[in-house]
Amino acid sequence: MRVRSWLASCATTTTTEHSTSSFPKSQRHIVSETSSSSDTAGSSSSPSDTSYSSLQSNLSLQTLPSVPSLQKLSPDETLNFSVSHVCTTSLKSASKLPISCISVHHNLLYAASSHQINVYDRTTWTATNTFNNTNSSSGSVKSITFCDGKIFTAHQDCEIRVWQLTPSKHHKLKTTLPTVNDRLLRFMLPNSYISVRRHKKKLWIEHADAVTGLAVNNGLIYSVSWDKSLKIWRASDLRCLESIKAHEDAINAVAVSADGTVYTGSADRRIRVWAKPFNEKRHVLIATLEKHKSAVNALALSDDGSVLFSGACDRSILVWEREDSANHMVVTGALRGHGKAILCLINVSGLLLSGSADWTVRIWQRGNDGRFGCLAVLEGHTKPVKSLAAVMEDAQNGTVSVFSGSLDGEIKAWQVSVSYPNSPLDLEKWNL
């Protein structure tokens, strides 16, 4: 499941600078159960056309015909507002290698190309530091996150590296996870070992394959891997607290809500939900979410954790919400429009951003009636968009900085502004 069709080349796209999106006030459209379920590649038409006719034609790409569409399709009875977007900066690393992941921390943008991590000042767009550039054996960097003043990076070589930013703005390697002390505490105990493949055992605190995702919540680090496991680490002393055999195939994504509920997405097409019961020491499986027909590549949560978004190779973004009678999610619909696999998702202040193998980024927002509008399509990359980051710069004026990293080796910075004709955007009103 690691060789994915989204690595194939896609059609060239062009940059759109301004668009107008519409939200219907009352009309609802439910997708027919008899729609095509073919999983062929996207059509050759431009994926940036968010008009009614384009959205209708995109419905022919459905691979999940039983899931109703949640986006607004009708041009009638609309509430129009202006959406402008402009690409402010394009960066290419000296290595010209594909961008595997990007992340924003305060005023710094971190971008990984293969094993190398470049750091840029977001005000001047100058490169301030490059680290891990001499350790090519670590393999590509899969994820970057931040906790307790430390930088955590996930790598192809099964390791999680922990870095400290020095006063001179350089990044110093502090340790790798699991730490030497953690290993020493366990290596003499026979029950500390698990079988990872035939005739091979490893400590349960070690990942046995590429670490593909990291998430942070309440002083804990959550890591997932192609070894099918979820591990939980304590940031204060960097000890591994738990290891869970979470899936039947490689895990590609992890998301954690503020209440500690953990979501893992896998190549086995499932999303699993984990929680730690009151007064218990370990997480338990509380739900398995099954709707996708291909590998789950990306997960994102709404600001309050009540809505889960999942993206997969089937080109759909599924929207999951909590049932009143249950403590887990049920699928309520799908967002369609991308022509190829969904590779990354991120939520910022009620805006959902999706990056795809069709080379585009789409920005979605939910209206008061619970349905979604595609506010904009960001074009300009010449290969799949692998990673996204975003920062709300001005909530009153609806200004968001968006950063996209692509397999074309380029990072693009975008400024997106959303406004109504008669008043500034009230993001609280439209929040998820």
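**Overview. Twelve salt bridges turn up in this predicted model.** The rule behind that count: a side-chain nitrogen of Lys or Arg sits within 4 Å of a carboxyl oxygen of Asp or Glu. Since the model is predicted, local features need pLDDT of at least 70 and side-chain atom pairs count only at pLDDT 80 or more, while totals for chains, interfaces and linings use all residues. Residues are numbered from 1 along each chain as its sequence is written, and side-chain values use heavy atoms, with hydrogens and water left out.

**Close-up 1. Asp157 pairs up with Arg161.** The closest N and O atoms of this salt bridge are 2.8 Å apart. Arg161 is buried, at 7% relative accessible area, while Asp157 is partly exposed at 22%. (Buried is under 20% relative accessible area, exposed is over 50%, and partly exposed lies in between, using a 1.4 Å probe and protein chains only.)

**Close-up 2. Arg183 reaches Glu206.** Here the closest N and O atoms are 2.5 Å apart. The partners come from distant parts of the chain, 23 residues apart: Arg183 belongs to helix α2 (residues 180-186), and Glu206 to the loop between β12 (200-203) and β13 (211-217). (Helices, H or I with at least four residues, and strands, E with at least two, are DSSP runs numbered from the N terminus.) Arg183 is partly exposed at 24%, whereas Glu206 is buried at 14%.

**Close-up 3. Glu290 and Arg270 bridge two strands.** Their closest N and O atoms are 3.2 Å apart. Glu290 is in β20 (residues 284-290) and Arg270 in β19 (residues 270-275), 20 residues apart. Arg270 is partly exposed, at 25% relative accessibility.

**Close-up 4. Glu159, Arg183 and Glu206 make one network.** Salt bridges with shared partners join these three residues.
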